[in-house]
Amino acid sequence: MDKRLIIVSNRLPYRVEAEGQDGFSFTRSVGGLVAGLEPLHEHPGNLWIGWADEPESLDEGARRRFEQALSERACKPVHLDAHDAELYYEGFSNSALWPLFHGFPQHTRFDEEAWEAYVRVNERFRDAVLAEAREGDTIWVHDYHLMLLPSMLREALAGASIGFFLHIPFPDFETFRMLPWRSELLRGVLGADLIGFHAYDYVRHFLSSCRRVAGIENASGTLFVEGRLVQADAFPLGIDYERFRTAARKPEVRELVTAFSEEKGHEGCKIMLSVERLDYSKGIPDRLQAFDAFLDRHPEWKGRVVLVLVTVPSREGVASYQALKKQVDGLVGRINGKHSTMDWTPVDYYYRSLPFDQLVSLYAASDVMLVTPLRDGMNLVCKEYLACHDGEGGALVLSEMAGASYELHEALTVNPFDLEGVVDAMECALTMPVAEQRRRNAPMQERLARYTSKKWAREFLAAVDSVKDRQAGLSAHLLGPTSSERLVEAFRAARQRVLLLDYDGTLMAFSDDPTRVAPDERLRALLRRLGSNLRTTVAVVSGRDRATLESWLGDLPVDLVAEHGVWYRGRGQDTWEMEEPLDDSWKHSVRGVLADFVDRTPGSLLEEKDYSLVWHYRMCSQELAERRVIELKNALGDGLADRGLALMDGNKVVEVKPRGVDKGHAARRWFRDPSFDFVLAAGDDRTDEDVFEAAPETAWTIKIGDGPTRARFALKNCAEMRELLEKLAAVCDEEALRAECNGLQVTAEAPRERALA
């Protein structure tokens, strides 16, 4: 079966209108997304799923014909309730996510009812995808309207190939944290295998929010989400360069260019062009104010330049957009009233969308292109302008707040909030020699011709496949159903078993507050079932202090090791034994250094144990913590070794402790015992690697979580570790029941000899 691509976006790639009594007309939508995905969509078997832009009041028969017409175009419509559609689209997507992600919190409205509709619509999309998806398909979800969809699909299709691409900026953490549903949205996106953005700054912001909202770290954009590898990366969307380049050279377009130039550019009058959808993120009022200031400061340009302002209608039913339209109309009227002469009007204003050939002719006829949004995910207009000037002059003034500025750095880049800077850029663009224009444009045009929208789509899908390959490599190491069954059978067949279990991150998940991870009753019952079986020894080998371990686990039939091996307490014993004599006189001098770092690092804390000091930084800003760790190591320096101390990196901790004391050394107590013919050691941390290294080759060593390890196997998280222990406890339960039926006891109260009889 051929591998298929299922594209999922808010809208289908067609605008639909009723035609006659029973028919429909379909017009292919324009834009970078549709252009990039069109060749993939047209591949036999591929499918596009989106909100049906259907004519109103269709009866059942007309709806069937409508769906059949879409099916013939490889499209599957998602039908939405009108109330839900409005709340989801206008109420949440464009009144919460759009303004916040573009940095306009003043336009943001957080509404619980709109959020609930957003969830329901994402669920409706999920159902539509699940109705079509087959094994082996790649599902590519697009944009901010569907940020919950990847995780919804992941729950139903655990092994599916899922990509997600955000076509707008991802905000910095301080902005993103304003969202009441920030965690849900992050978790939703993290259901994908590959998460794409236009620019690396957006990737960086996303990763920062993953760390600070969800506690998920990354290494070079690679994250592990419940044991599953996820990659975030930048893929700048291109255009169909050849389409614009060729169109600009068509005879009919050249005629339009000539006519337009003669009309607007008479007697050497230059043309500056602005083409934007009506949106507050596009900076249209700021652009007009800069042009007004330009004419004030450079009156010599009056009568010699025209600003052609094309504003495409958008969200005309939304009050903030109506107010923006009124503001733009007023500014155009004021500028024209202020500067116009009998034979010259400075702003030529069009409030409508333009046919493709007319748009291309405007691009080709214009001497200067103004693209100065206040915030834009990418902006393709500037790329289209350059394609229409292939090999020719033409000056591009580009906002550094647009994603495209990362690629088009030869343009005249401006800060759109700096009015004087924009004014200066206008003068520079209008006076720039044609040779200089060509010199600047050539490398940009070369890049755009090479990295097209089609290449963007191919590279993204290739990256999805690469992530799946990496996941498969990791999965080979995971303790899967077959190896898990072998482990349980080896446990059942063994005469004597020992389970060496780390606590934090293995039996219990981490918490920002290390004092708030006391064992739940289910865990305590599980350890009791295992430890009560005399053929099974359970040892909790932890970095925790002995008082904490004793209060949490001291009444259970388990051995306890505290402070990474400093202390040992056997099952049923009342006292702790020290592995070897240690000195704690060093703590006074080191404590002061660590306390200073606590004061300088908000969110960090100092934990003091009998023979170690621990600096915790789980609740800190990661960037600050990483810097502080380096500083801490430098501050303590090589003097630790001279005093017989070691500095150990753990999971969000730095611990100073006596050298030679580690979990691996403590674990040898059981590893050297020849009576154990089944050994299992499980842990999540670097400290547990000492145990894995010391373990016999035949031991079942298990790393919890991601990352390199000496362990033979891995599990994704604490929940999977608990599931495995439940299976082993079930074996113990079977043995106890069988022994009871035979008149024996296999419990902690029975002597070992009788239990082994």
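This is a predicted model: local features need pLDDT of at least 70, side-chain atom pairs count only at pLDDT 80 or more; totals for chains, interfaces and linings use all residues.
## Aromatic pairs

A pair of aromatic rings is described by the distance of the centres and the angle of the planes. The count of aromatic pairs in this model comes to 34. In one of them, the ring centres of phenylalanine 92 and tryptophan 181 are 5.5 Å apart and the planes stand at 70 degrees, so this pair is edge-to-face. Phenylalanine 92 belongs to helix α3 (residues 82-101), while tryptophan 181 lies in the loop between α6 (173-176) and α7 (182-189), so the pair ties together parts that are 89 residues apart in sequence. Both phenylalanine 92 and tryptophan 181 are buried.

A tilted pair is formed by phenylalanine 197 and phenylalanine 206, with 5.3 Å from centre to centre and 45 degrees between the planes. Phenylalanine 197 and phenylalanine 206 are both buried as well. Phe92 and Trp181 are also members of one aromatic cluster, together with Trp51, Tyr88, Tyr89, Phe110, Trp115 and Tyr118.

## Charges over rings

Two arginines are placed over aromatic rings. The charged end of arginine 315 sits over the ring of tryptophan 98, at 4.9 Å from the ring centre. Arginine 600 lies over the face of phenylalanine 597, and here the distance to the ring centre is 5.1 Å.

## Arginine 287

Arginine 287 is found in helix α11 (residues 284-297). With a relative accessible area of 2%, arginine 287 falls under the 20% limit and is therefore buried. A polar atom of the arginine 287 side chain lies 2.5 Å from the backbone oxygen of lysine 282.

Lys282 is also one of the residues in contact with arginine 287 when neighbours within four places in sequence are left aside.

## The parallel sheet

Strands of a sheet pair through backbone hydrogen bonds, either parallel or antiparallel. Six strands form an open sheet in the order β14-β13-β12-β15-β16-β17, and the pairing is parallel. The edges are β14 (347-351) and β17 (412-414); each has a single partner strand, so one side of each is left without a neighbour in the sheet. On average, neighbouring strands are turned by 20 degrees against each other, direction ignored.

Strand β15 pairs with β12 in the parallel sense over two bridges, and leucine 273 stands opposite methionine 369 in β15. Four bridges join β15 to β16, again running parallel, with valine 368 opposite alanine 395 in β16. Strand β16 (residues 395-399) is in turn joined to β17 by three bridges, also parallel. Here leucine 398 has threonine 413 in β17 as its bridge partner.

## Cover on the sheet

Helix α13 (residues 356-365) packs on the sheet and touches β12 (270-277), β13 (305-312) and β15 (368-371). The direction of helix α13 makes about 140 degrees with that of β12. Helix α14 (residues 381-388) also packs on the sheet, touching β12, β15 and β16, and its direction makes about 165 degrees with that of β15.

In a regular strand the side chains alternate between the two faces of the sheet.

Definitions and conventions: Residues are numbered from 1 along each chain as its sequence is written. Side-chain values use heavy atoms; hydrogens and water are left out. Rings of Phe, Tyr and Trp (its six-membered ring) pair if their centres lie within 6.5 Å; planes under 30 degrees apart count as stacked, over 60 as edge-to-face and the rest as tilted. Buried means under 20% relative accessible area, exposed over 50%, partly exposed in between (1.4 Å probe, protein chains only). A charge sits over a ring if NZ of Lys or CZ of Arg is within 6 Å of the ring centre and within 35 degrees of the ring normal. A polar contact is a pair of N or O atoms within 3.5 Å; within protein, one must be able to donate a hydrogen and the other to accept it, and residues adjacent in sequence count only if both atoms are side-chain atoms. Contact means heavy atoms within 4.5 Å. Two strands pair if DSSP finds at least two bridges between them. Axes are lines fitted to C-alpha atoms, for helices over the stretch in contact, and angles run from 0 to 180 degrees between N-to-C directions.
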